[in-house]
Amino acid sequence: MIDTATALLMAAVLAGTPLLLGALGEILTEKSGNLNLGVEGMMFMGAIAGLIGSYSYEQALTAAGFEPSGAISALVALIVSFLAGAFGALIYAFLTITLRANQNVTGLILTIFGTGFGNFFGEYFGLKAGGYVTVSSVTKAAFSPIHFPLLSDIPVLGKLLFQYNWMVYFAVAVALVMFWFFRKSRFGLNLRAVGEDPAAADAAGISVARYRYLATVIGGGICGIGGMYMSMVTTSGVWVHGCVTGYGWLAVALVIFATWSPLRGVLVAVIFGGLMIMRMYITIPGLPAQIYDMVPYLATILVLIITSVRQSKEHAMPAGCGLNYFREDR
Amino acid sequence: MNDDNHAIQMEGIHKFFGKVHANKDVHLDLRTGEILALLGENGSGKTTLVNMLSGVYFPDHGEISVHGRPVTIRSPRDAFDLGIGMIHQHFKLIPVLTAAENIALGFGEGLTISRKRINAEVAELAARYGFELDPTQKVYDMSVSQKQTIEIIKVLYRGADILILDEPTAVLTPLETEKLFAVLRNMKADGKSIIIITHKLNEVLAISDRVEILRKGEFIGVVKTANTNQTQLTEMMVGRPVSLSIERPEPATECDRLQVIGLTCLNNEGVKTLDDVSFAARSGEILGIAGIAGSGQKELCEAIAGLYPSIGGSVLYTNDQEGTPVRERILGLSPDAIVKKGISMAFVPEDRLGMGLVAAMDITDNVMLRSYKDNRGPFVDRRKPKELAERLIKELEIVTPGTSTAVGRLSGGNVQKVLLGREIALQPGVLIVAYPVRGLDINSSYKIYDLLNEQKARGVAVIFIGEDLDVLMEIADRLLVLCGGKVSGIVDPREVTKEDVGLMMTQVAQNDGEVAA
């Protein structure tokens with residue numbers, strides 16, 4: 001029983017991490033007042049870019065006669081996936097902030113674009129590699145669970161807390177940094193002001209466009225890293241067609257569930273992760289697998305109902321979210 | 001070259017919004033250490049002009065100098081750097097942040113922000129000028145006057161020596177206005193130069209040193225406050241002499257048109273918002289409704305209009321059924337069902353752009369909202385509403401580029417004219433107007449009073465919910481006073497004093513019989 005619970009929790013953390021990263025990126029974006037629905041697209045872009053980044057690094061080094069390093073390979077994946085997600089977000093930012101295009105439409109288009117981008121290059125590199133594209137065992141090892149001396153050997157707790165791959169800790173660290181940023185830093189306060197009421201922030205001398213661009217692009221980069229988790233950890237460094245599908249939207253739902261708080265996001269991501277992999281650990285005889293697959297989405301609908309009934313001013317979407325800002329608008 | 005006598009000089013300023021020429025060759029000269037009142041009707045370009053000082057708009061033509069030095073103000077940041085601080089009419093505050101956070105927002109250096117330090121600084125500044133403010137209170141918990149206090153302290157916190165206040169008293173009670181003026185005089189004594197925008201003449205005379213008048217975007221003139229009076233200022237502002245008294249013609253044909261009997265309503269929390277309210281609105285008269293804000297005025301109109309649920313009582317409308325007058329119960333019916341009974345009741349709500357009109361739609365479409373259901377077939381007829389819209393623009397002197405302008409782009413007075421014009425065009429039997437002149441300038445207000453009197457002469461039962469007791473006492477034939485959802489009396493305004501009514505607004509009379517007219 002304990003074993004099943006531990007195993008379920010561990011699996012929940014692993015499944016929840018890409019959702020957490022996607023949600024953190026979207027929280028940062030929405031705090032600036034941009035409702036970027038292109039999370040799924042940016043995750044796809046990050047997923048393929050990270051995988052190809054690592055793959056290219058290995059190929060280049062092997063061709064030159066060197067031994068590729070797992071740590072550098074992972075770093076390459078991290079940077080390249082961040083850049084890919086940020087690039088997707090930059091398209092969105094340019095369209096909505098500079099050209100003042102409709103945010104919802106632009107976000108949806110980014111999802112469609114990113115999905116196509118990911119699957120196209122996945123297939124393309126797969127064909128070039130002769131069937132499917134995959135990274136070597138060195139890189140795979142870099143993304144496997146870390147064994148901390150002493151800590152990992154603590155019974156139960158060691159398993160629950162200290163036996164994950166580095167990206168899990170990275171995601172929690174991002175959440176902590178974001179929490180500090182919104183609470184304590186001057187720029188975090190300014191960013192919240194921009195997201196709540198751009199006109200008021202502008203009148204206070206804060207550059208609305210600069211904050212929105214930066215938050216959206218960095219947020220998109222974090223989403224991209226979340227996508228990279230899917231291709232490097234979840235599918236173990238092999239490109240699987242449509243591997244991100246659904247995760248981006250769950251990340252958007254998670255933002256609402258977490259009520260725009262990075263720390264609550266960590267908790268909620270584990271819950272969502274657990275709902276997604278529940279069927280492998282808890283089997284109810286006669287219940288088709290498809291019903292299990294529906295649970296996270298049902299939970300999302302439930303959350304939407306609860307958050308709209310319970311009207312709180314503090315735990316709500318930033319008031320300026322979804323609206324473009326033009327100073328001379330009357 | 002530094003000129004210490006002139007805090008701000010603006011020369012030959014032009015500003016266009018699309019086709020609208022909002023400022024035509026406007027001048028402004030603010031001297032150091034004075035209070036300059038900027039006076040003009042709605043849409044005269046006052047706010048546009050000062051927004052070019054605060055960096056919100058950029059002039060299309062013209063020159064600005066601050067302390068004698070020519071400057072270019074491209075953003076609010078540039079304005080701060082020049083020591084110009086603006087207190088906007090619509091507060092620019094973030095509700096989820098605290099007072100101190102709002103004040104310190106966008107100001108200061110460094111990676112982190114010390115809540116402790118800014119709280120102390122804000123408290124010190126508030127104390128120095130005599131404001132009452134808790135720096136840690138969240139803005140969404142604050143009253144309007146507290147929010148305004150934040151705006152003023154925000155500007156002082158940034159070290160502004162030139163302050164611009166855009167209609168600061170529009171949202172304040174008389175007592176709060178007095179407090180504000182005391183603070184402004186303190187600041188003037190402190191050497192600050194102040195521009196105050198208003199259209200209330202008594203305030204101009206009370207606070208300013210000089211008055212600059214704008215009309216329809218044009219510069220009309222500057223006068224010394226000490227050498228002028230209300231009549232002269234009104235004439236300059238409106239462009240022609242205006243009589244400042246409101247007409248009250250004798251009621252024409254009197255019969256009960258609308259009877260409200262024992263109307264009782266509860267709000268969401270189960271508190272009685274209306275408690276056993278009974279009265280009759282007669283045709284051909286204006287029934288004024290007075291009361292402290294939130295005494296049940298809103299609920300009363302909405303309950304009659306079919307928009308607010310009631311738990312008891314009745315509303316009877318005297319309708320003409322093939323020549324015989326019959327009383328029909330309309331309480332509890334939806335607005336649509338009331339219309340279907342052949343009853344024409346018009347309602348001009350307090351929230352004009354929220355409840356009365358659709359801000360993003362143009363004048364024709366807004367006019368059509370009341371009539372498109374009469375169309376047969378799947379298509380709407382836009383021709384007749386367009387004709388009506390054109391007629392309203394002409395008859396009510398609505399300032400707009402055309403019938404296809406979105407209502408939200410019009411100034412407050414023009415919005416109200418569109419709304420009232422549309423409702424009157426229905427030829428209603430009962431016309432309910434809630435705060436019809438709120439935020440309107442003198443000229444528009446008098447236009448509205450004339451329209452209401454015109455309806456009265458046509459035999460309409462007009463119910464006028466107002467906040468300005470002076471106006472209610474002058475225009476109403478009878479005055480119903482509400483207090484905490486109860487009727488504290490119905491009086492003849494010709495026979496009672498303002499003080500009597502003021503007293504009734506705060507307490508329900510012991511003996512209804514004595515005050516009832």
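Strands β19 (residues 478-483) and β20 of chain B run antiparallel and are joined by five bridges, with strands here being DSSP runs of E of at least two residues, helices runs of H or I of at least four, both numbered from the N terminus. Two strands count as paired if DSSP finds at least two bridges between them. Within this pair, B:Leu482 has B:Val487 of β20(B) as its bridge partner. This is a predicted model, in which local features need pLDDT of at least 70 and side-chain atom pairs count only at pLDDT 80 or more, while totals for chains, interfaces and linings use all residues. Residues are numbered from 1 along each chain as its sequence is written, and chains are lettered from A and ligands numbered from 1 in the order in which they are written.

The pair belongs to an open, mixed sheet of six strands in chain B, ordered β16-β17-β18-β13-β19-β20. At its edges stand β16 (345-348) and β20 (486-491) of chain B, each with a single partner strand, so one side of each has no neighbour in the sheet. Going from strand to neighbouring strand, the average turn is 15°, direction ignored; angles in general run from 0 to 180 degrees between N-to-C directions, and axes are lines fitted to C-alpha atoms, for helices over the stretch in contact. Helix α9 of chain B packs on this sheet and touches β13 (285-290), β16, β17 (430-434), β18 (461-465) and β19 of chain B, where residues are in contact if their C-beta atoms, placed from the backbone, lie within 7 Å. The direction of α9(B) makes about 150° with that of β17(B). Helix α17 (residues 498-506) of chain B packs on the sheet as well, touching β13, β19 and β20 of chain B, with its direction at about 35° to that of β19(B).

Chain B also holds an open antiparallel sheet of four strands, in the order β12-β11-β14-β15. Here β12 (272-282) and β15 (324-329) of chain B are the edge strands, each pairing on one side only. Neighbouring strands in this sheet are turned by 15° on average, direction ignored. Between β14 (residues 312-321) and β15 of chain B, which run antiparallel, there are six bridges, and B:Asn319 is partnered by B:Val326 of β15(B). Helix α9 (residues 297-305) of chain B turns up again on this sheet, touching β11 (256-266), β12 and β14 of chain B, at about 65° to the direction of β12(B).

Helix pairs come next. The axes of α14 (residues 412-425) and α15 (residues 442-457) of chain B come within 10 Å and cross at roughly 10°. The two helices, α14(B) and α15(B), are therefore roughly parallel (angles under 35 degrees count as roughly parallel, over 145 as roughly antiparallel, 65 to 115 as roughly perpendicular and the rest as oblique). From α14(B), the contact uses B:Gly413, B:Gln416, B:Leu420 and B:Ile424, and from α15(B), B:Ser444, B:Ile448, B:Leu451 and B:Gln455. By class, that gives four nonpolar, four polar and no charged residues, taking Ala, Val, Leu, Ile, Met, Phe, Trp, Tyr, Cys and Pro as nonpolar, Asp, Glu, Lys and Arg as charged, and the others, Gly among them, as polar.

In chain A, the axes of α1 (residues 2-31) and α7 (residues 166-184) come within 9 Å and cross at roughly 25°, so α1(A) and α7(A) are roughly parallel too. Among the contact residues are A:Leu20, A:Leu24 and A:Lys31 of α1(A) and A:Val168, A:Met178 and A:Phe182 of α7(A). The contact of α1(A) with α7(A) divides into 13 nonpolar, one polar and one charged residue.

The contact between the chains takes 23 residues from chain B and 21 from chain A. Helix α2 (residues 76-81) of chain B gives the largest share of the chain B side, three residues.

Technical notes. Two residues are in contact if their C-beta atoms, placed from the backbone, lie within 7 Å.
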